[in-house]
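Hi,

Here is the structure I promised to pass on. Have a look at it first, and then read my notes below.

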Amino acid sequence: MNHPITLTVNGVVREATVPARRLLSDCLRHDLGLTGTHVGCEHGVCGACTVLLDGEPVRSCLMFAATADGHEITTVEGLAAADGTLSPAQRAFAECHGLQCGFCTPGFLCTVTAFLRENAAPTDEEVVEAISGNLCRCTGYQNIIKAVHRAAELQAETRADKEEGAR
Amino acid sequence: MKPSPFDYHAPADLDEALDVLARVGPDGGKVLAGGQSLIPLLNMRLAAPAHLVDINRLTELATVEAGPGGVRVGALARHATVERSTPAAAVQPLLGQALRLVAHPVIRNRGTVVGSLVHADPSAELPAVLALLGGSVRLAHRGGEREVAAAEFFTGPMESAAAPGELAVSAFFPARPPRSGTAFCEVARRHGDYAMAGVAAAVTLDEDFRIAAARVACVSVGPIPVVVDVADACGGRPEASADWAAAAAAVRDRIEPEADIHATADYRRHLTGVLAVRALRGAAVEAAGEEGT
Ligand SMILES: Cc1cc2nc3c(=O)[nH]c(=O)nc-3n(C[C@H](O)[C@H](O)[C@H](O)COP(=O)(O)OP(=O)(O)OC[C@H]3O[C@@H](n4cnc5c(N)ncnc54)[C@H](O)[C@@H]3O)c2cc1C
Ligand code: FES
Ligand code: FES
């Protein structure tokens, strides 16, 4: 049986009709054409499929699209500003060589974006704990850790600029 | 891989959920909570239930109630919510100590405490916590409910007393008594993985700081969490002079580890002894500090 669902994805209301067994990751990729969300393991281990569900990072491979009905999803496609300006996390990953092949990157970016919202100035240890559920087979993680710290800096600068502008 | 097809039910409240479960439970219907254990099994086709009853709309069960007697956790309370609950930590700190060792932060955003108990993985932390503290799980079915003590709840590896058609609505973790401390120590191959061995400990001191009660619950070394009372082995002495070696020996005697790709049975036995001492001492030190405050 197919189930009609409505998701708000990256701020846009999207409708789809999906079989119950459709994973949220596959719904995003196949039904909605948002292939930025990557799928590695489909058992929760690699983190490549991480998206934000009502702002909280979750594994989209461990959730049915039908369960997400009525909720808000942010994927990697939704992290940049409407005019294409990259988010602090995206800029930092580019600057610090936090990616090579890029397969793991969407998952890292979603995880890190939510993490820095909760912890704007993390320690090394907190960064490692935050990204411990995401696997990268290319970078060796060191540049990803640097990128998270850099993203925290950029986020602080962006906030300061905004406050400056508001004055 | 992808799950095989199933009929999906999304009840809006508890009454409706119990109705649906009464209907499809005997027909192989399963509850879907956080999905962090069940969906991997479905994706790998290690499980193929005919019906799934999704309880994620039962927001009435997303509760964490901390009272003087203990903490009652509703079926839709996520690991992360319970981990961050200050009232829960004040009443029973072992919950937070254990939850920090459960998987990764992102998994904890979806996984539920009650789901972990029903799943009853012998390597999981929360069943050991419930068993150590002597907590219980409340199981509801259409027309009634029952409260099952931890000692009867875990019946085998990945097997609990929850019968088809029953919904675990909450779990109760008793409060930490005065002059008591707790700790959870484990060793895993990789951070966030299920532990090769792990020990939860609870210690209570008497008025002269001597060990009056000491228990451990061990994971990954038996079909269900193995609870061992080590108060006698510790010898009724203060933390600094307690017979920790005797306590470790008592634990090693009681467990039944098996070998697998990650560790031999002997290594697991050794590790459990070492972790038992670490956790017991940590708990005893916390208990002494508790008295000081
Ligand atoms: C990568 C990864 C690493 C992990 N590491 C750990 C770890 O180190 N330690 C650990 O303890 N866990 C670990 N987990 C599992 C995680 O803690 C799960 O969240 C938990 O085991 C199950 O909770 P859930 O809510 O996701 O249950 P689900 O996956 O939804 O369900 C699990 C089982 O319980 C049943 N069930 C669930 N809720 C109820 C209910 N209310 N009433 C009746 N039946 C119910 C389901 O039918 C199913 O059989 C890991 C998971 C992943 C993906
Ligand atoms: S694809 Fe979801 S965690 Fe690997
Ligand atoms: S950049 Fe290739 S897997 Fe991380």
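**Salt bridges and the ligand site**

Arg108(B) counts as buried, at 3% relative accessibility. Please keep in mind that this is a predicted model. The side chain of Arg108(B) meets that of Glu83(B) in a salt bridge, 2.9 Å from N to O. Glu83(B) sits in helix α3 (residues 79-84) of chain B and Arg108(B) in helix α6 (residues 105-108) of chain B, so the pair ties together parts that are 25 residues apart in sequence.

A search of the whole structure finds 20 salt bridges over all chains. One that may interest you joins Lys2(B) and Glu42(A), at 2.4 Å from N to O. That pair crosses between chains: Lys2(B) belongs to the segment before β1 (7-9) of chain B, and Glu42(A) to the loop between α1 (24-31) and β3 (50-53) of chain A.

Within chain A, Glu95(A) and Arg150(A) form a salt bridge of 2.7 Å, N to O. The pair links distant parts of the chain, 55 residues apart, with Glu95(A) in helix α2 (residues 88-95) and Arg150(A) in helix α5 (residues 142-166). Both residues are partly exposed: Glu95(A) at 46% relative accessibility and Arg150(A) at 21%. Back in chain B, Arg72(B), Arg138(B), Glu145(B) and Glu147(B) are linked in a network of salt bridges.

Now to ligand 1. It is surrounded by 35 residues, and the closest are Val31(B), Ser37(B), Leu38(B), Thr112(B) and Glu125(B). Residues from chains A and B take part, so the site is shared between chains. The largest share of the shell, five residues, comes from α7(B). By class, the shell has 18 nonpolar, 13 polar and four charged residues.

Some backbone contacts are worth a look on screen. Oxygen atoms of ligand 1 lie 2.8 Å from a polar backbone atom of Ala33(B) and 2.8 Å from a backbone N or O atom of Gly35(B). A nitrogen atom of ligand 1 is 2.9 Å from a polar backbone atom of Ala168(B). The protein covers 94% of the 960 Å² of accessible area that ligand 1 has on its own.

Finally, a note from the records: an unreviewed UniProt entry annotates residues 1-178 of chain B as "domain: FAD-binding PCMH-type". In the model, that span is 33% helix and 25% strand, and its end C-alpha atoms lie 50 Å apart.

Best wishes

Notes: Residues numbered from 1 in each chain as written. Chains lettered and ligands numbered in written order. Predicted model: local features only at pLDDT ≥ 70, side-chain atom pairs only at ≥ 80, totals over all residues. Heavy atoms only, no water. UniProt positions renumbered as here; feature names shortened; annotations may be inferred. Helix = DSSP H or I, 4+ residues; strand = E, 2+ residues; numbered from the N terminus. Near = heavy atom within 4 Å. Polar contact = N/O pair within 3.5 Å; in protein donor to acceptor, adjacent residues only side chain to side chain. Areas by Shrake-Rupley, 256 points an atom, 1.4 Å probe, with all protein chains shown as cover. Nonpolar A, V, L, I, M, F, W, Y, C, P; charged D, E, K, R; others polar. Salt bridge = Lys/Arg side-chain N within 4 Å of Asp/Glu carboxyl O. Buried < 20%, exposed > 50% of the residue type's maximum accessible area, 1.4 Å probe, protein only.
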